[in-house]
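Biologist: I have a structure on the screen and want to learn how to read it. Where do we begin?

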Amino acid sequence: MAASIEKVSIIVSKGSLEGVYPGLIMANGARAEGMEANLFFTFFGLDAVHKPRHEHIKLATVGNPGLHLATWAGGLPGVSSVLTHYMTRKMDQLDIPSIPEFIEMIADTGAGLYACKASADLFGLTRTDLIDQLKDIITVGEFYDLAAGGQIIFT
Amino acid sequence: MPITTYAGTEVTVNDEGFFADPGQWREEMAPPIARLEGIDELSERHWQVIKFMRHEYEAKGTGPTVRVLGKTSGVSVKELYQLFPKGPAKAAAKIAEIPKPRGCI
């Protein structure tokens, strides 16, 4: 049999809907296949584990050529909300969980959820601002210790 | 493809150990396959998942993903991972000998 991956550590650095989901899907999929998985939320990716914000993560409608929407149109008030609503409804039809539900499920799989200390300091966030499922706020050095021996994926 | 014997019956398996023909599976084959997956003894909860997976596969032609299992099998996602530490999607599907679910979530 070909070489297999035993462990992945996935960095989520973006705070948009399309920036958060790929990392979550990869972490969840890794656990389902029996790999060890860690998620490290850094910079705007911290929103995904930020109690007041993780239910309100929006699709980027400006500067996102993949949407095939004129940049000026994407910047109109309400466009991001409407398209986020449309996208989440489509995802719901495919039984893709919302971000808070997905993160809870990933924590249930036994994956480790961590926040980046530098980012938490930058945004003035402490442990109580972040969701209960989070294991810890850690430094980059501690992240590398956790990731040792496995693959690191940056999203 | 290699041939293995489970519960006195010869079966053809692929490189990952899945049966070429899921129809060859019988309940007596589950314990020896489970041992290969690191599960020494199948509890009643394991069987609940295995039987549910077989049932879903026979009804729909495809196995349930972990998310679907967690929502509909009566066993939570957390417990699924405790029962099948090597990954419920793969390990439970292998013990129930149904093709690995083709879902991303």
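Modeller: Begin with the elements. Helices (H or I, at least four residues) and strands (E, at least two) are DSSP runs, numbered from the N terminus. This is a predicted model, in which local features need pLDDT of at least 70, side-chain atom pairs count only at pLDDT 80 or more, and totals for chains, interfaces and linings use all residues. Residues are numbered from 1 along each chain as its sequence is written, while chains are lettered from A and ligands numbered from 1 in the order in which they are written.

Biologist: Which elements does chain B have, and in what order do they run?

Modeller: Chain B holds five helices and two strands. Their order from the N terminus is β-β-α-α-α-α-α.

Biologist: What share of chain B counts as buried?

Modeller: A residue is buried if 20 or more other C-beta atoms lie within 10 Å of its own, exposed if 12 or fewer, and partly exposed in between; C-beta atoms are placed from the backbone. By that count, 39% of the 105 residues of chain B are buried.

Biologist: Now one helix. What span should helix α2 of chain B have?

Modeller: The expected span is 1.5 Å times one less than the number of residues. Helix α2 (residues 44-60) of chain B has 17 residues and should span 24 Å; its end C-alpha atoms are 24 Å apart, which agrees.

Biologist: Which residues of α2(B) are buried?

Modeller: First the general idea. An α-helix has 3.6 residues a turn, so residues three or four places apart point the same way. Here the buried ones are B:H46, B:V49, B:I50, B:F52, B:M53, B:E56 and B:Y57. Down the axis of α2(B), they fall within an arc of 160° (from the directions of the helix axis to the C-beta atoms), so they line one face. The face turned away from that side carries the exposed B:E44, B:E58 and B:A59.

Biologist: What do the buried residues of α2(B) pack against?

Modeller: Contact means that two C-beta atoms, placed from the backbone, lie within 7 Å. The partners are α1 (30-36), α3 (66-72), α4 (77-83) and α5 (88-96) of chain B. Take B:M53: beyond its neighbours within four places in sequence, its contacts are B:G63, B:P64, B:A92, B:A93, B:A96 and B:I98.

Biologist: How many residues are in contact between chains A and B?

Modeller: 14 residues of chain A meet 14 of chain B. On the chain A side, α1 (17-32) and α4 (99-108) each give two or more residues. α1(A) gives the most, with five.

Biologist: Which backbone angles deserve a look?

Modeller: Most residues other than glycine have a negative phi, and most peptide bonds are trans. A:D95 is not a glycine, yet its phi is positive, about 65°. A:D95 sits in the loop between α3 (79-93) and α4 of chain A. B:E97 also has a positive phi, near 50°, and lies in the segment after α5 of chain B.

Biologist: Are A:D95 and B:E97 buried or exposed?

Modeller: A:D95 is exposed, with 12 other C-beta atoms within 10 Å. B:E97 counts as buried, with 25 C-beta neighbours inside 10 Å.
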